[in-house]
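Please examine the model shown below.

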Amino acid sequence: SLSLSPLANPIKRDGPVVLCILDGYGIQSPKANPEGDAIVAANPETINGMIAEAKERGLYTELAAHGHSVGLPDADDMGNSEVGHNAMGAGQVVAQGAKLVNVALEDGSMFSANGWTSTVKAAAAKKGRVHFFGLLSDGNIHSHIDQLEGMVKGAARESPSAIFVHPLIDGRDVPPTSGLIYIAKLEAILKAVTEETGVPAMIASGGGRMHCVMDRYGSNWSIVERGYNHIVHGKVDEAELVSGYKGYYTSAEEAITHARELFPEKQDQFNPPFVCVDADNKPLGPVRDGDAVVNFNFRGDRAVQITKAFEAPEGAFDHFDRGVIPACLYAGILEYDSEAGIPKTYLCPPPSITRVLSEYLCAAEKKCYAIAETHKYGHVTYFFNGNRSGYINEEIESYNQIVSEPNEMIEGHPEMMAEEVTVDLVAAIESGKWDFVRVNYANPDMVGHTGNFDSEVRCVKFLDQCMKRVLAAVEKMGGVLMLTADHGNGEEMMDKKGKPKTSHTTGAVPFAIFDPKYQNEYKVDTTGIETPGIASIASVTMNLLGYKQPEFYEPSVVTLE
Ligand code: 3PG
Ligand code: CO
């Protein structure tokens, strides 16, 4: 059952328990470039002061937020917001999509499962073609090139009439201009497959991930439209053809190289779309009736919208005009939203995350409030609740989304919507309505992904001002606040050579408790916990609210019993 046992000696506070997640606010690891730590450079006085006080009181520790601590396949996989929020919200560490797909490829179960046979195999049997699109890198947050390789090889064994790959250039989970390295790797894979099997395999189109296809939470559908057009129709939108950019090229390498020459300030993630054409300028591989199309991104947030564009029947989609819709067999590599049943067909079952914190709190009739701006709204609701969309109990929960500005504004306006989030958060804390309030400040991560050190410093300074008001509200109401992060980013804004770094890190994150009414009732204590990780936060939340965590939750890092 979902009932929690009360603690023998609970703390009694008048105000709410607040979980404040500063997204991407990590602690620099000793291997990183100290010059690149924008969080230290910003010297956020309120946050540092609060952490110093927590340290003095024994209410502080560092928590691991990467690798095995969040269910990723390798110990040195960097963290990310999906798995980080899953861990914090579920209190358990589950094998994540990245790992599940690896297993299904290694043991071959993917190729005999219904998802594969009803799409790739079925298309090949009728001499259709097979398309793969998704993020091309080894970032392992949304996708992995090795998984793409495994699937391209698997598809070739089914003897389709051709295989087309539509890579999205990364530069956000990997170095900002590393795109051509992965293109070269992919070309080598495709060449080998063609030579070995006789199935022609080639790159058909592509574009930068933040400009084509991978929008999230409905923030900008034109990104999806652009991607749909180059993948499905082999078409580059007119608006892209500026400054001599042609849009149609004989290879991905040629396209990306030309874009770099013309737009040197653009990172890979914002690369314009391109379509590969033959000698007669005809697109190599638009999607036709009877083709199979596989989205090889395993993470859901940025895969849902494009999936809707592929799956929605004629007349049931109004985000953009899809033109003539080919009758293709679409599959996602993983299920992206199990509640909504997106996609209808997938190649590998997703992690099942059950008995999450929110379910327990709702069962205990604790009133819960969640807030974030668009970029991270699904993180603090959907991911936090074990990949469930919507409320667990609408009667006692409320989720608020502050609409984000467009991506292009982040670098120049690193404050983003933090002011609006703060106003709302303070009101929620002071309303006296909520037992548990959680918030995600998107800034340190979203600005971190721009690779702009100065913007990151400005963002952290601004957040520090926000935190001052939040802490004052907690103090006024007699509540308790946990300050932490889902993974690192802003503490490494430069690589070892001093070049901008856009990706997440393997850094630990701070975990500090701010408890103005503290009277030594408990401590943060990690004794006996091998690698304390952020999944512990769910247990701590339960403890601060007066309950023992369930046996199968990660151990709590506080001594309340
Ligand atoms: C993104 O999707 O923006 C990055 O790949 C990962 O960032 P997030 O895990 O912080 O959302
Ligand atoms: Co991020």
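The sulfur of Cys 466 lies 9.6 Å from the closest cysteine sulfur, that of Cys 20, which is too far for a bond, since a disulfide is defined here as a pair of cysteine sulfur atoms within 2.5 Å. Cys 466 is buried at 0% relative accessibility, where buried means under 20% relative accessible area, exposed over 50%, and partly exposed in between (1.4 Å probe, protein chains only). A search of the whole structure finds zero disulfides. Cys 328 likewise takes part in none, the nearest cysteine sulfur being that of Cys 212, 18 Å away. Cys 328 is also buried, with a relative accessible area of 18%.

These values come from a predicted model, in which local features need pLDDT of at least 70 and side-chain atom pairs count only at pLDDT 80 or more, while totals for chains, interfaces and linings use all residues. Residues are numbered from 1 along each chain as its sequence is written, chains are lettered from A and ligands numbered from 1 in the order in which they are written, and side-chain values use heavy atoms, with hydrogens and water left out.

The cobalt ion (ligand 2) is coordinated by Asp 445 (OD), Asp 445 (OD), His 449 (NE2) and His 504 (NE2), at 2.1 to 2.4 Å. Donors are N, O and S atoms within 2.8 Å of the metal (3.2 Å for Na, K and Ca); water is not among the atoms, so sites may look incomplete. Along the chain, the donors of the cobalt ion (ligand 2) follow the spacing D-x3-H-x54-H. Asp 445 is buried, with a relative accessible area of 1%, and His 449 is buried at 3%.

The largest nonpolar core has 96 residues, and those with the most contacts inside it include Tyr 441, Met 467 and Leu 481. Such a core is a set of buried Ala, Val, Leu, Ile, Met, Phe, Trp, Tyr and Cys residues joined through side-chain atoms within 4.5 Å. Helix α16 (residues 453-477) supplies the largest share of this core, 11 residues; helices (H or I, at least four residues) and strands (E, at least two) are DSSP runs, numbered from the N terminus. Apart from this core lies another, of 53 residues, among them Ala 255 and Val 304.

Helix α17 (residues 536-544) is largely enclosed by the rest of the structure, because nine of its nine residues are buried. Just after α17, Gly 546 takes a positive phi of about 100°.
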